[in-house]
Structure formats: C-alpha cells, structure tokens
Amino acid sequence: CSTADTNDENTYKVGICNYVDDASLNQIVDNIKNRLGEIGEEKNIEFKISYDNCNADANLMNQIISNFIADGVDIMVGVATPVAMAMQAATEDNGIPVVFAAVSDPVSTGIVESLEAPGSNVTGTSDYLDTAAVINLMFAAKPDTAKVGLLYDIGQDSSATPIAAAKADLDA
C-alpha cells in the first residue's frame, strides 16, 4: 500500500463499500473491520476506515468510490459483485488495490482473470456455490426426486454460472 497521501507512515486509509444492508454482507463488513483492528494492534499501525453502503444504487455507489479515490485511500474493499466490478473499473488507471468479498463468480464477471492468478490490482474471496454438492445431497436424501425448481435472481450476472452448472448436473 502507498502512504503518500497520509501523514503517518503507520496509517493506512481503507475505503469499504457494502452493496446493501443485509445480515450476511454486514457480517462480512464487521469481520473486516474487526480483523483490521487486530492487525493494527499486532503491527502497531492504524487503519482509518471510511465505510459506506450504496443501498443498491449504482449512482451512489460510483459517488462513494469517487470519494474514496479523492480521499486518497490506500486500498478499497468492495462487498458484493456490483461494488467489486465498479471498484475494478474505477481503479484501472490509478492502480489502487481492490479486495472483494461476497462475489460468487469473479471469473465470469471479469473481475479477475482466474482464481489462481487474479491479475491487475484486484483480489478477494468468493462465495461460489458448489451446486453439484447440493444436488448430490438432495438426491442422497430423496433419490426418487423427479422435479427440481431453481430459484435465482435473473438480474444478477453471478447467478448464471451456478444455475448453468445446476442444470447440467440435473440433466446428467
């Protein structure tokens, strides 16, 4: 991380943006903040955290990210796929590191080149759904299952890969 925009070489600015107010996403944010606090104590450094929630509003999300850049953050954390994608696009030229969380399929959405070698300035964690394991468990519990309904958000690009995998597993 660069500390060019901070007064103290032991201080890092972190911008965290959450996509929506959701229990699981909020828990991720809380865990990140807590872990940064622990790391700060261990390493005798300070993390100045700017946190915001865009409430699924793309215009607000872009404004939050622009504010992070204007404030000279050393690193950005995007929680959920839309935020990670917007942070990636906003940092292509300035190289600010981006860490994502709660991104189901970072490869198919183009956030990273691969899980093994993300490329560029972006990395993070995926909450990829192993549909084969779920389907195997379903058939183990009820082998005579004849019909299966798949519920997903058609508006989320990250739904496409697990649904396609689930359909392929069910066809097989």
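Buried means under 20% relative accessible area, exposed over 50%, and partly exposed in between, with a 1.4 Å probe and protein chains only. By that scale Glu38 is partly exposed, at 40% relative accessibility.

This is a predicted model, where local features need pLDDT of at least 70, side-chain atom pairs count only at pLDDT 80 or more, and totals for chains, interfaces and linings use all residues. Residues are numbered from 1 along each chain as its sequence is written, and side-chain values use heavy atoms, with hydrogens and water left out.

**Salt bridges**

A salt bridge is a side-chain nitrogen of Lys or Arg within 4 Å of a carboxyl oxygen of Asp or Glu. The whole structure holds two of them.

| Salt bridge | Closest N and O atoms |
|---|---|
| Arg35 and Glu38 | 3.0 Å |
| Arg35 and Glu42 | 3.4 Å |

Shared partners join Arg35, Glu38 and Glu42 into one network. Arg35 and Glu38 both sit in helix H1 (residues 23-43). They are three residues apart, about one turn of the helix. Helices (H or I, at least four residues) and strands (E, at least two) are DSSP runs, numbered from the N terminus. Arg35 is partly exposed because its relative accessibility is 39%. Glu42 has a relative accessible area of 56%, so Glu42 counts as exposed.

**The sheet**

Five strands form an open sheet in the order E2-E1-E3-E4-E5, with parallel pairing. Strand E2 (46-53) and strand E5 (122-126) stand at the edges. Each has a single partner strand, so one side of each lacks a neighbour in the sheet. Neighbouring strands are turned by 20° against each other on average, direction ignored. Here axes are lines fitted to C-alpha atoms, for helices over the stretch in contact, and angles run from 0 to 180 degrees between N-to-C directions.

Two strands pair if DSSP finds at least two bridges between them. Strand E1 (residues 11-18) and strand E3 (residues 75-79) pair in the parallel sense over five bridges. Cys17 stands opposite Gly78 in E3.

**A nonpolar surface patch**

Val148, Leu150, Tyr152 and Ile154 form a nonpolar patch on the surface. Together they have about 380 Å² of accessible area. Accessible areas come from the Shrake-Rupley method with a 1.4 Å probe; for residues, only the protein chains shown count as cover. Patches are made of residues with over 30% relative accessible area and no salt bridge. Like charges are joined within 9 Å, and nonpolar side chains (Val, Leu, Ile, Met, Phe, Trp, Tyr) within 5 Å.

Ile154 lies in the loop between helix H4 (131-141) and helix H5 (160-171). Ile154 is exposed because its relative accessible area is 76%.
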